[in-house]
Structure formats: C-alpha cells, structure tokens
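Subject: Structure handover

Hello,

Here is the structure we talked about. Please open it beside this email and follow along.

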Amino acid sequence: MSERSERTDRLSVTEHSPLWEVFVRARRGLSHTHVGSLHAPDAELALRNARDLYTRRQEGVSIWVVPAAAITASSPDEKDAFFDPAADKVYRHPTFYDVPDGVSHL
Amino acid sequence: MYGNDFSAEDAPGGGLLGEVEAAEAALREAAERGRRADAPGPDADLAGYFAEVIDADQKIEPRDWMPEAYRKTLIRQIAQHAHSEIIGMQPEGNWISRAPSLKRKAILLAKVQDEAGHGLYLYAAAETLGISRDELVRLLLEGRQKYSSIFNYPTLTWADVGAIGWLVDGAAIVNQVPLCRCSYGPYARAMIRVCKEESFHQRQGYEILHTLAHGTPEQKAMAQDSVDRWWYPSLAMFGPPDGDSTHSAQSMAWKIKRFSNDELRQRFVDMCVQQAEILDLTLPDPDLRWNDERQAYDYTQPDYDELMQVIKGNGPCNRQRMEHRRRAHTEGAWVREAAAAYAAKRAEQKEKVAA
C-alpha cells in the first residue's frame, strides 16, 4: 500500500497530518510486516487509526507506527551494487559444503 | 463472523475470491522471480527497461522510472477510485439510523467503515506516485477529479442498501478483481485487500435482498423496485463502450487494465442472471436472453447519454453529495487544526523533558 516514504522528495511538508508507516505482527512469534500507511497528527492517533484500519479482522496482535519521514530507503539505481555480495560468496550458504555420506544430525 | 473472509477455505480456488487468491499468489511469485539481473545504469534505456518489466508481468514500484503518462493515468484512476469509496459512504450512510434491525444496523456500520478504509488504502497507493492526499482531496472538492457515477443515485428504500451491496459492490468486484494483477505494485496490493472485504459487502447485500424477496409481498415489491432502479446504473459503472473509451487502449498496453469495459460488463451480466433467479427477482431488461452462439447473455446496453450527464454533474444527487463532502471538510477544519496544535504541543513538551 504505501511506499510513499520513498517519494517524500517530491512532496511538500506543509500538511497538518504527517504520514505514518504501519507494521503489524500477525501472531506471537512472527515478525512485524509492513501493511500500509496512514495520516495522523501524532503517534497516539496513528496507533488508534491503524488499529481501526488494519486490524479490523483479527489481522494482528501488535502494531508499530513510524513517521514516514524517519525511514531511509535504498535506491533502485544502486540495487545491484548494494545487494551483490550474496551472489559471489556462495560459501555463506550452508548448501556450499559437502557432507560425507552417513553423517546424521548435521 | 467476517474474519472468515480472509481464510483460504472460504474460496477453494473458485469464484471471484479464488481469483483474488490466485492474483495474490502470482504477485508473490513475481516478487520471488526478482527483476532481471541487469538493472538499468545511469544512462540506460529507461523506457526499454520499463517495457521489459511490464512484459515480464512484474510490478512497477514507486521508485522505478515510469513514463509520465503512466504516472498521470494511475494518479487519475486511483484517485477517482479513492474518492468513490469516500463519497460512496453517503448513499448507504443515509440508512444507518433507519436500518430495520440492530443486526442489520451493525453490519451496515461495519460496511461503511470498510469503505472509509478502502478510501484510505487507495489514497495511500496514489500518494506513492508523488501526489499528497491533501492535494487529491482538494481536487475532489474543487470538482476537478471525479468519483464513480453510481453514487449520484439516491437510496430511497431499505432495499436499496441490499441492491447496492449486490449490484454496485458486485460490479465493483468484477472491475477490481483484474486490478489485483495491475502492473503498478501498490495499486495491485491495495486491490487484493479491498476485494477480500468487498466480497463481504456483496454477500451481505445479496442476503438483504434474498430475505426481502422471500418475505411479505410488500417486502418483495420493495426488493424488485430497488433492483429495477439500480440495474442500469450498475451496468454503466463499467464505463463507456469500448469504442468510446478514451484511456482503454493505453491502459491495457500498460497492463493497468486487463479487460475492456464491455468484456467486464458482459461478465457481470452473465453472473447476475443466475443470482437473480435464486433471489426470485427479475432484471429489468425484456431483451435479456441466453445467446447459445456467443455462450453469453444478450442484454440491452445502459443509456450512455445518461451516464455522460451524471459524470458531468447533472445526476440526481451530484450536488447533494459534493455539498455534503465540502461541508464536512469545512466544518471539520477547526478539529484538524486542534489536533495538529495538540501534537505540536506534545512534541514540544517531550523535547523539554529530553533536554
């Protein structure tokens, strides 16, 4: 839903109600997931609105709200250089290593 | 217990809800595949890269380069969609205080709350294209952006609440399910969420009509009357016929739209005929009949001159809807200012404590 935080450069900042990004954790033990965004004057109202807007149908047990302006995103232009190392360092993956036949619990 | 709307068991791969699930799976799968490895460098062919992403059925995301016309058409379409959700609260809101039972009233309240939520998801999606919600609201209030023509028709009886759920939300779903596969990521994701909730609206509307149609003769007559009044405005929701649709060809090439106005309208008619039979209500079209050759129903087209008049602002309720929306905005100004002032005061106090 909202990735507007990634575009704040194009927007004026004269709004009454700043933008908040909303993260919801569905169940105990799972991580918070970005579900969308909303406008609210302050954090408390952002939390209440997020409760009404994003958890009407038992979608979550925990909500985080973060001012969109506080988020810094990576840029798609530098995507390759930025995320490259994983591909050429195959030894970082457990599948890189041969396990001799007959070894168990490894 | 509408929590069930979110379970996969509810739609075992069939029906419109099944299509939404499939679109969601396709979206996940496209994300797994990742983009082509050679992302464009600083002086690469951006338009070519954009075309490749669209061809590969992958999603355009907010920070990707996109043609200015693609951005503009999406802003127009998503904003109009968002405005429709907000204005659409009025015709149904008209019956909240007069709902015939506490159960119906609670359901209607939940539904109108959903519409507000859909408006907010959609404004958020539009904002990723570099326009602010305040700006979009201003464009609506100044009459420079449209909302769906359907909400300019009045709700005269309780049965209209049922007809809106069945026909209007039904038409919206037929329109929106393909948008779950739209090439613009934030819009597609918003549509997946919206469609799951819309299916609750459509079913609750159908249930209202079914109850009325199987009640007293007066109730049945009321149900039939509302279907008679809402049928053609609902068909008109799919927009002008393909030959007259200005944005269609380009939107289809960009994979924003997946089917033409007429294709979707036909799909809607074919669905409704069987549903009307079970309601034991008739659709107000004497020429509606099965065409064996086409494997589809022949039907009378809606009055497109009327549609153009409604879009231009001359429908039965255009002025009332806009006046209501403007009044809410103007009279709410002091509340928004108070909230902002309170937030500023609280932030200041926090700073003092921290210092």
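In which helix of chain B is B:K105 found? B:K105 sits in α5, residues 102-127 of chain B. Please keep in mind that the whole model is predicted.

B:W95 is ten residues from B:K105 in sequence, and their C-alpha atoms are 8.5 Å apart.

Next, another helix of chain B. Helix α11 covers residues 261-279, which is 19 residues. At 1.5 Å a residue it should span 27 Å, and its end C-alpha atoms are 26 Å apart, so the two values agree. Several residues of α11(B) are buried, among them B:L264, B:F268, B:V269, B:M271 and B:L279. The buried set also includes B:N261, B:R265 and B:Q266. After the helix comes B:D280, with a positive phi near 65 degrees.

Now the core. In soluble globular proteins, nonpolar side chains tend to be buried together. Here, the largest nonpolar core has 103 residues. Which residues have the most contacts inside it? They are B:Y70, B:W166 and B:Y184. Apart from neighbours within four places in sequence, B:Y70 is in contact with B:Y184 itself, and also with B:F50, B:I54, B:I60, B:S183, B:W254 and B:I256.

Chain A has 106 residues, of which 34% count as buried. It holds three helices and three strands, in the order β-β-α-β-α-α from the N terminus. Among the contacts in chain A with a separation of 6 or more, 43% are between residues 24 or more positions apart.

One residue of chain A deserves a look: A:D42, in the loop between β2 (32-39) and α1 (43-54). A:D42 is buried but has no salt bridge. Not counting residues up to four places away in sequence, A:D42 touches A:W20 in its own chain, and B:Y342 and B:A343 in chain B.

Regards

Notes: Residues numbered from 1 in each chain as written. Chains lettered and ligands numbered in written order. Predicted model: local features only at pLDDT ≥ 70, side-chain atom pairs only at ≥ 80, totals over all residues. Heavy atoms only, no water. Helix = DSSP H or I, 4+ residues; strand = E, 2+ residues; numbered from the N terminus. Buried < 20%, exposed > 50% of the residue type's maximum accessible area, 1.4 Å probe, protein only. Lys, Arg positive; Asp, Glu negative; His and termini not counted. Salt bridge = Lys/Arg side-chain N within 4 Å of Asp/Glu carboxyl O. Contact = heavy atoms within 4.5 Å. Core = buried A, V, L, I, M, F, W, Y, C linked by side-chain atoms within 4.5 Å. Expected span 1.5 Å × (residues − 1).
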